Amino acid sequence: MQSLFSTLVADKPHSSITDWVEILSSEKYKENDYDGIPELVDAINLQPEGPTEASRAIRKKLKYGSTHRQIRALTILKALVENCGTKFQLTFADGPLITRIKTMASDPLTDDAVRKKLMSVLAGWNREFKDNPKMATVASLWTQCGGGVKRRSVPPPPRVDHEAEARKRAEEKAKERAALEEERRRERERKLKEKADAKKKTTQPKPRPFDFEKEKPHIINSIATASQAAIQLTNSLKLVNREKESIESNTIVQEALANAKAARKAVIRYIQ
């Protein structure tokens with residue numbers, strides 16, 4: 001257990017260095033204030049892992065801090081590179097810190113003041129270390145983050161016509177109210193129709209039951225009439241001279257057809 005604890009502590013060192021970064025990045029200090037920096041420099045140079053812990057503490061401020069703390073962290077980092085000596089210069093730019101710097105430079109959500117401060121610091125490193133092969137990684141950060149490239153101007157957002165927007169919203173609300181009213185009207189009509197249909201069903205007299213014995217003479221008569229009309233239609237068709245006239249123009253055939261249809265309806269009524 002003691003070995004595991006020692007490993008965790010070694011991975012994430014925390015000493016007066018972290019405390020100093022926390023204090024010096026607070027609102028108590030102005031953005032470019034160098035007060036307290038000498039004490040932090042001494043604390044870093046007294047500890048073997050000082051540069052590593054300082055880089056980690058500053059990276060956390062760049063990642064999670066407010067705008068003021070981010071600018072202060074860049075001011076502190078710049079001062080440490082200038083005053084901590086060669087060991088710090090050769091070791092502070094570890095992978096996580098470089099990644100954080102590149103992310104801040106490319107992230108559109110980075111505050112403009114923070115980005116301006118960051119590019120200023122990177123430009124200074126580029127000028128100071130561009131001829132030092134050991135500091136190539138630090139010197140190249142400026143160009144990797146877009147330094148020396150003119151940024152395209154972003155056009156201002158289109159002017160918002162608040163009166164037009166208000167009219168548009170009012171029209172949309174009026175349409176919504178009209179649609180809702182129309183839906184309610186249709187629902188009322190549907191309910192009234194259902195109510196009227198239900199009332200009509202209850203007031204209509206029930207059809208009388210079919211009495212076969214009573215209707216039998218009428219059925220026989222209807223069948224006989226239909227049979228006779230069918231025979232008459234057949235005979236009239238036989239008499240048509242198809243070479244001289246058509247069935248549609250023959251009045252006798254059409255009259256017989258009308259009689260047959262009427263007789264058919266009477267028979268079908270009984271079948272249904």
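Modeller: Buried, for us, means a relative accessible area under 20%, exposed means over 50%, and partly exposed lies in between (1.4 Å probe, protein chains only). This is a predicted model, in which local features need pLDDT of at least 70 and side-chain atom pairs count only at pLDDT 80 or more, while totals for chains, interfaces and linings use all residues. Residues are numbered from 1 along each chain as its sequence is written, and side-chain values use heavy atoms, with hydrogens and water left out.

Biologist: Why is Asp112 called exposed?

Modeller: The relative accessibility of Asp112 is 59%, and because the limit for exposed is over 50%, Asp112 belongs in that class.

Biologist: What makes Arg115 and Asp112 a salt bridge?

Modeller: A salt bridge needs a side-chain nitrogen of Lys or Arg within 4 Å of a carboxyl oxygen of Asp or Glu; for Arg115 and Asp112 the N to O distance is 3.6 Å, and therefore the pair qualifies. (Helices are DSSP runs of H or I with at least four residues, strands are runs of E with at least two, and both are numbered from the N terminus.)

Biologist: How many salt bridges does the structure hold, and what makes Lys78 and Glu82 one of them?

Modeller: The structure holds 11 salt bridges. The side chains of Lys78 and Glu82 meet at 2.7 Å, N to O, and both residues lie in helix 5, four residues apart, which is about one turn of the helix. Lys78, at 27%, is partly exposed, and Glu82, at 42%, is partly exposed as well.

Biologist: Which residues are joined with Glu182 and Arg185 into one network?

Modeller: Arg185 and Glu182 themselves meet in a salt bridge at 2.4 Å, N to O, and both lie in helix 10 (residues 162-203), three residues apart. Through salt bridges that share partners, Glu182, Arg185, Arg186 and Glu189 form one network.

Biologist: Why is the pair of Phe88 and Phe92 called stacked?

Modeller: Rings of Phe, Tyr and Trp (its six-membered ring) pair if their centres lie within 6.5 Å, and planes under 30 degrees apart count as stacked, over 60 as edge-to-face and the rest as tilted. The ring centres of Phe88 and Phe92 are 5.3 Å apart and their planes stand at 5°, so the pair is stacked.

Biologist: And what makes Phe92 and Trp125 edge-to-face?

Modeller: The two rings are 5.4 Å centre to centre with 70° between the planes, and because over 60 degrees counts as edge-to-face, that is the class of this pair. Phe92 lies in the loop between helix 6 (86-91) and helix 7, and Trp125 in helix 8, 33 residues apart, which makes this a link between distant parts of the chain. Phe88, Phe92 and Trp125 form one aromatic cluster.

Biologist: How do you know whether Phe92 and Trp125 are buried or exposed?

Modeller: Phe92 has a relative accessible area of 1% and Trp125 has 3%; the limit for buried is under 20%, and therefore Phe92 is buried, as is Trp125.

Biologist: Which residues have the most contacts inside the largest nonpolar core?

Modeller: A nonpolar core is a set of buried Ala, Val, Leu, Ile, Met, Phe, Trp, Tyr and Cys residues joined through side-chain atoms within 4.5 Å. The largest one has 41 residues, and those with the most contacts inside it are Leu80, Phe88 and Trp125. Helix 5 gives the most to this core, with eight residues. A second, separate core of eight residues includes Ala226, Leu233, Val253 and Ala263.

Biologist: How do you know where the buried residues of helix 9 lie around its axis?

Modeller: The buried residues of helix 9 are Val138, Ala139 and Leu141. Seen down the axis, they fall within an arc of 140°, so they line one face of the helix; the arc is that of the directions from the helix axis to the C-beta atoms. Helix 7 and helix 8 are among what covers these residues, where contact means heavy atoms within 4.5 Å.

Biologist: How many disulfides are there?

Modeller: A disulfide is a pair of cysteine sulfur atoms within 2.5 Å, and by this rule the count is zero. Cys84, at 7%, is buried, and Cys145, at 12%, counts as buried too.
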